[in-house]
Amino acid sequence: MRLWPQATATATATDPGTLVSRIARGDREALDLIYRAEAAPVYRFALAMCGNPAWSADATHDAFIHLAEHPAGYDAARGPLRAWLCGIARHKLLARWRDPGDAAFDEESDVDATDTSPESQLVRVQDSDSLWSAVRALPWPFREAVVLVDLQERPYAEAAQIAGVELNTLRTRVHRGRQRLARALAPLYGEIDHD
């Protein structure tokens, strides 16, 4: 009956807190395991926030570079590793958004129309969708709240941690973001019940 202790040891070895500790000791395999598990969700969050695949890839990359260089910055007691990584990507996007030398978030110059990768196809479909246009038109705090809670279906507490705000502030932003979306989409779809 040695299978049970081995299964427990394997589960512990892939625990995010354990993997981050291994990264702190210079274990590249641990970083690779975290990257494989968390890169896609972090990228999807960044893409939903900015609509620019290149910026999303950069923000995701920067989040993992930060983890590799500062693993002690992650505290498992404060929340999930994915939330921490999304928070770093969020800060990178905000810094880029605030830089007047950078192009607008919705600029499509980085999207190759002949690119048939799944990510590029997804971006083209989303860009043609009126909902995504309305989401991107929201001010950053409302967009962030709606993306985290409604589109990525994160729990409110985790979304508040990523956004770096109190739980009630996030709830208010979600409510107001939904109201703005309903008003923006009303000409296309009629009155939308957002409550």
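This is a short chat about a predicted model of one protein chain.

Reader: What should I know about the model before we start?
Author: It is predicted: local features need pLDDT of at least 70, side-chain atom pairs count only at pLDDT 80 or more, and totals for chains, interfaces and linings use all residues. Residues are numbered from 1 along each chain as its sequence is written, and side-chain values use heavy atoms, with hydrogens and water left out.

Reader: How many helices and strands does the chain have?
Author: The chain has 10 helices and zero strands. Helices (H or I, at least four residues) and strands (E, at least two) are DSSP runs, numbered from the N terminus.

Reader: What share of the residues is buried?
Author: Of the 195 residues, 37% count as buried. Buried means under 20% relative accessible area, exposed over 50%, and partly exposed in between (1.4 Å probe, protein chains only).

Reader: How many residues are in the largest nonpolar core?
Author: That core has 47 residues. Ile34, Leu67, Leu85, Leu93 and Leu170 have the most contacts inside it. A nonpolar core is a set of buried Ala, Val, Leu, Ile, Met, Phe, Trp, Tyr and Cys residues joined through side-chain atoms within 4.5 Å.

Reader: Which elements give two or more residues to this core?
Author: Among them are α2 (16-24), α5 (81-98) and α10 (167-189).

Reader: What does leucine 67 touch?
Author: Leucine 67 touches Val20, Ile23, Leu31, Ile34, Trp84 and Leu85. Residues up to four places away in sequence are not counted. Contact means heavy atoms within 4.5 Å.

Reader: New topic. How many aromatic pairs are there?
Author: A search of the whole structure finds two. In one of them, the rings of tyrosine 35 and phenylalanine 64 have centres 4.9 Å apart and planes at 70°, so the pair is edge-to-face. Rings of Phe, Tyr and Trp (its six-membered ring) pair if their centres lie within 6.5 Å; planes under 30 degrees apart count as stacked, over 60 as edge-to-face and the rest as tilted.

Reader: Which parts does that pair tie together?
Author: Tyrosine 35 lies in helix α3 (residues 28-50) and phenylalanine 64 in helix α4 (residues 53-69), so the pair ties together parts that are 29 residues apart in sequence.

Reader: Is phenylalanine 64 buried or exposed?
Author: Phenylalanine 64 is buried, because its relative accessible area is 5%. Tyrosine 35 has 42% relative accessibility, so tyrosine 35 counts as partly exposed.

Reader: What about threonine 60? Where is it?
Author: Threonine 60 is in helix α4. It is buried, with a relative accessible area of 5%. Its side chain reaches the backbone nitrogen of tyrosine 43 at 3.4 Å. Leaving aside neighbours within four places in sequence, threonine 60 is in contact with Ala39, Val42 and Tyr43.

Reader: Let's move to tyrosine 156. Which helix is it in?
Author: Tyrosine 156 is in helix α9. At 29% relative accessibility, tyrosine 156 counts as partly exposed.

Reader: What lies over the face of tyrosine 156?
Author: Arginine 171 does, at 5.5 Å from the ring centre. A charge sits over a ring if NZ of Lys or CZ of Arg is within 6 Å of the ring centre and within 35 degrees of the ring normal.

Reader: And which residues of α9 are buried?
Author: Glu158, Ala159, Ala160, Ile162 and Ala163 are buried there. Just after α9, glycine 164 takes a positive phi of about 75°.

Definitions and conventions. Polar contact = N/O pair within 3.5 Å; in protein donor to acceptor, adjacent residues only side chain to side chain.
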